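Hi everyone, thanks for coming. Let me put the model up, and then I'll walk you through a helix, a strand and a pocket.

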Amino acid sequence: MNNLLKHIKALLVSISFRFAINLLQLVILKISILTFFLCLSPLRIDTMILAHTSRRLACSSVAPVVSGGSFRGSSGAYHLSTSFNTSLKYMSSVAFVGLGNMGRNMAMNLARNKPSLVTLLTVHDSHEPTLSSFMEQAKINGLSISSTPNLASFADSNPDVIITSLPSCEASAAVVGEIVESLSPSREAIFIDTSTISVTTSRKLHELVKSTSTKFDYVDAPVSGGVKGATDASLTFMVGCSSLATLSSVQPILQRMGKDIIPCGGPGSGSAVKLCNNAALAAQMLGVCEAMNLGDKLGVDPAVLAGVMNVSTAKSWSSTVNNPHPVAARGIGSGASANEYEGGFGTSLMLKDLNLAIDTAEEEHVSMPVTSLARELYRIADSHGYGKKDFGVMLQFLRGRDGSGDTRWLQRIVICHF
C-alpha cells in the first residue's frame with residue numbers, strides 16, 4: 001500500500017512538473033511574439049497589412065486583373081514588390097498640377113492639413129483664370145499656398161512629391177514629362193497621378209520616371225467619389241505602384257485627400273481598376289436616369305422614388321450621392337443636378353473614360369456591349385452640347401430635345417449606329 005502511494009505521488013509530481021514546463025514555454029512564446037511586434041515600426045506594420053490586402057484584392061475581368069499583388073494583362077505581368085526600401089524619405093514639399101473641379105478641392109484639403117505633414121504646397125494650372133480663382137479662394141480661407149506660372153519652376157521648390165489631376169492621357173504625359181526633366185536626378189521625388197488615364201499611358205509614365213533617375217518613382221492613383229468626395233476628403237484612391245515601400249510613403253499624403261487607400265497591384269493597376277469602375281458607373285447612371293424619367297411620367301414624386309430606391313436593390317452612388325433628378329437631389333442635399341448640373345463630373349469626361357475602357361477591352365479581347373451602347377449615348381449627348389454638364393444631365397437628354405419625352409429621334413440614331 002505504501003509503495004502504491006509512493007508511485008501515485010511520484011506520478012502527480014511528474015505531471016505537475018510537465019504542466020509547469022508547458023505553461024512556462026507558452027508564456028515565453030507569447031512574450032516573444034509581443035516583443036516582435038513592439039519592435040516593429042508603424043510603417044513596417046502598415047507594410048505587412050498592405051501586403052496582406054494586396055493579395056486579397058482582385059479587379060473585375062472586364063479589364064486586366066489585379067491578383068496576388070501583381071497586375072496581369074495580355075501584354076504581360078507587373079508585380080508589386082514586397083521589398084522594403086528605407087531610403088524613401090518623409091515628404092514635406094508638395095507640387096500640385098491641375099485645379100479643375102476635383103483637383104482644386106484636393107489641393108485645398110492638402111493645404112488645410114498642411115501643418116502636420118506638408119511644409120510647402122505649390123500649385124499650377126495651365127488656365128490662368130482657374131489658377132487665379134484658386135489662389136483667391138485659398139486667401140479667403142486663410143490658407144498658405146504658393147503658385148507658379150509654369151511647370152519648370154516647380155524645380156525651385158524642390159518637391160518631394162508631385163501630384164497631378166488632369167483631364168487626359170496627353171495632358172498627363174506632357175506634364176509629367178516636362179516636370180521630370182526639370183528636377184534634379186540626385187533628389188528623391190514621387191509622382192502621384194490621380195488622373196483617369198489608360199493603362200498603357202500609366203505604364204509608360206512609370207517607365208519614364210524610373211528611367212530618368214533611380215531616386216524617382218511614379219504612382220498611378222486615380223480617384224472615385226466625385227466632387228463631393230474631393231470636397232469632403234472622402235475620396236477612394238486606387239493605387240498602382242512598384243513596391244509596398246512606395247505605397248507606404250505616399251499613403252500619408254493620400255489620407256489628407258481621401259478616406260480609402262486601396263492597393264491594386266503593380267504599375268497601371270490603379271488605372272485598370274478605375275476604368276472598370278467607371279464603365280459600371282456610366283451604365284448605372286443611365287439606369288437611374290431612365291427610372292427617374294419613368295417615375296415622372298407615372299406621376300411619382302421624385303423624392304419618394306429616390307427614397308425607395310435608396311433603401312432598395314437599386315441603391316447606388318448615382319441614386320444617393322449624385323441623383324440626376326433635381327428634385328430628388330435637393331431633397332437628399334447632394335448632387336450636381338440641384339445646381340443645374342454644374343460643378344460635377346462632366347459628360348465629356350465620362351465619354352473619355354468609356355473610350356479608354358473600350359479600347360482596353362478590345363486589346364484584351366473582352367466583350368462590352370452594354371458599355372459600348374452607353375458610350376454611344378454619352379457621345380450623342382456630348383455632340384448636342386451637354387459635354388460640360390455633370391453626366392447626370394443624361395436624365396434631361398433622354399427626355400428628348402424639346403423635353404416632351406419624345407425620344408424617337410434618339411432611338412433612330414442608336415438603331416442606325418448598331
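How far does helix 10 reach from its first C-alpha to its last? With 29 residues, helix 10 reaches 43 Å, close to the 42 Å expected at 1.5 Å a residue (that is, 1.5 Å times one less than the number of residues). Just after helix 10, G299 takes a positive phi of about 80°.

A word on conventions. This is a predicted model, where local features need pLDDT of at least 70, side-chain atom pairs count only at pLDDT 80 or more, and totals for chains, interfaces and linings use all residues. Residues are numbered from 1 along each chain as its sequence is written, and side-chain values use heavy atoms, without hydrogens and water. Helices (H or I, at least four residues) and strands (E, at least two) are DSSP runs, numbered from the N terminus.

Now to strand 9, residues 216-220. Five of its five residues are buried (under 20% relative accessible area, 1.4 Å probe, protein chains only), so strand 9 is largely enclosed by the rest of the structure. F216, Y218 and D220 point one way, while D217 and V219 point the other. Strand 8 (residues 189-193) runs parallel to strand 9, joined to it by five bridges; I190, for one, has D217 as its bridge partner.

Finally, which helix gives the largest share of the lining of the largest pocket? That is helix 10, with five residues. Helix 8 (226-232) and helix 14 (347-363) are among the elements that each supply at least two.

Definitions and conventions: Buried < 20%, exposed > 50% of the residue type's maximum accessible area, 1.4 Å probe, protein only. Pairing = 2+ DSSP bridges.
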